[in-house]
Amino acid sequence: MIEGGLVAMLLADTEMKAQVAGRVYHIKAPQNPTLPYLTVLRVSGERDIDFDGPDALIRSRVQIDAWAGDPKAARDLADLLRRELNDYRGPAGRNGDIIHFMTLITDEDLYEDDPKLFRISQDWYIHCEEV
């Protein structure tokens, strides 16, 4: 699935690695994680069908959240994420999937009272060919 490829892409990116040092988690972070970090969650996926049957193309909506202890750090991480991924085309990690197009559709500033963390929640459309 695309979210595994995204996690691998983010973990391999030099600038992202400098910011989160491997703290990119699928769906949820472990308890009491080191800040800042990212979480990646596939919200939905639409598959096409043509006259030959199911197509390998899928359009996924993926949520990526940048978490930090203060709003500026969360925004800085989210901005880096946008610069690295917006309009990306190419391989999706090591799983062989190919991203044809990736675009940021929304982002939102949030505060979570319970862990007392700031986060920027970004929704992305990713058009991908699954191999």
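**Burial, contacts and cores in a predicted protein chain**

User: What share of the 131 residues in the protein chain is buried?

Analyst: Buried residues account for 37% of the 131. Buried means under 20% relative accessible area, exposed over 50%, and partly exposed in between, with a 1.4 Å probe and protein chains only. The model is predicted: local features need pLDDT of at least 70 and side-chain atom pairs count only at pLDDT 80 or more, while totals for chains, interfaces and linings use all residues. Residues are numbered from 1 along each chain as its sequence is written, and side-chain values use heavy atoms, with hydrogens and water left out.

User: How do you know which helices and strands the protein chain has?

Analyst: They are DSSP runs numbered from the N terminus: helices are H or I of at least four residues, and strands are E of at least two. This gives 3 helices and 6 strands, in the order α-α-β-β-β-α-β-β-β.

User: What makes the radius of gyration agree with that of a compact globule?

Analyst: The radius is taken over C-alpha atoms, and the globule rule is 2.2 Å times the number of residues to the power 0.38. For 131 residues the rule gives a value near 14 Å; the protein chain has 15 Å, and therefore the two agree. The C-alpha trace spans about 50 × 25 × 25 Å along its principal axes.

User: Is V7 buried or exposed, and what does V7 touch?

Analyst: V7 has a relative accessibility of 13% and therefore counts as buried. V7 lies in helix α1 and, leaving aside neighbours within four places in sequence, is in contact with V24 and V40.

User: Why is N32 called exposed?

Analyst: The relative accessible area of N32 is 74%, so N32 is classed as exposed. N32 sits in the loop between β1 and β2, and its phi is near 55°, a positive value in a residue other than glycine.

User: Which other backbone values stand out, and why?

Analyst: Most residues other than glycine have a negative phi, and most peptide bonds are trans; departures therefore deserve mention. A21, in the loop between α2 (14–20) and β1, has a positive phi near 45°. The peptide bond from L35 to P36 is cis, with omega near -10°; P36 is found in the loop between β1 (24–26) and β2 (37–50).

User: What makes a group of residues a nonpolar core?

Analyst: Such a core is a set of buried Ala, Val, Leu, Ile, Met, Phe, Trp, Tyr and Cys residues joined through side-chain atoms within 4.5 Å. The largest has 29 residues, and L6, L38, I64 and I126 have the most contacts inside it. Two or more residues of this core come from each of α1 (2–12), α2, β2, β3, α3 (71–85), β5 (98–112) and β6 (117–129). Helix α3 gives the largest share of this core, 6 residues. Apart from this core lies another, of 5 residues, among them Y25, Y37, W67 and L117.

User: What does L38 touch beyond residues up to four places away in sequence?

Analyst: The contacts of L38 include L10, M16, V20, I64, L77 and L81.

Definitions and conventions: Contact = heavy atoms within 4.5 Å.
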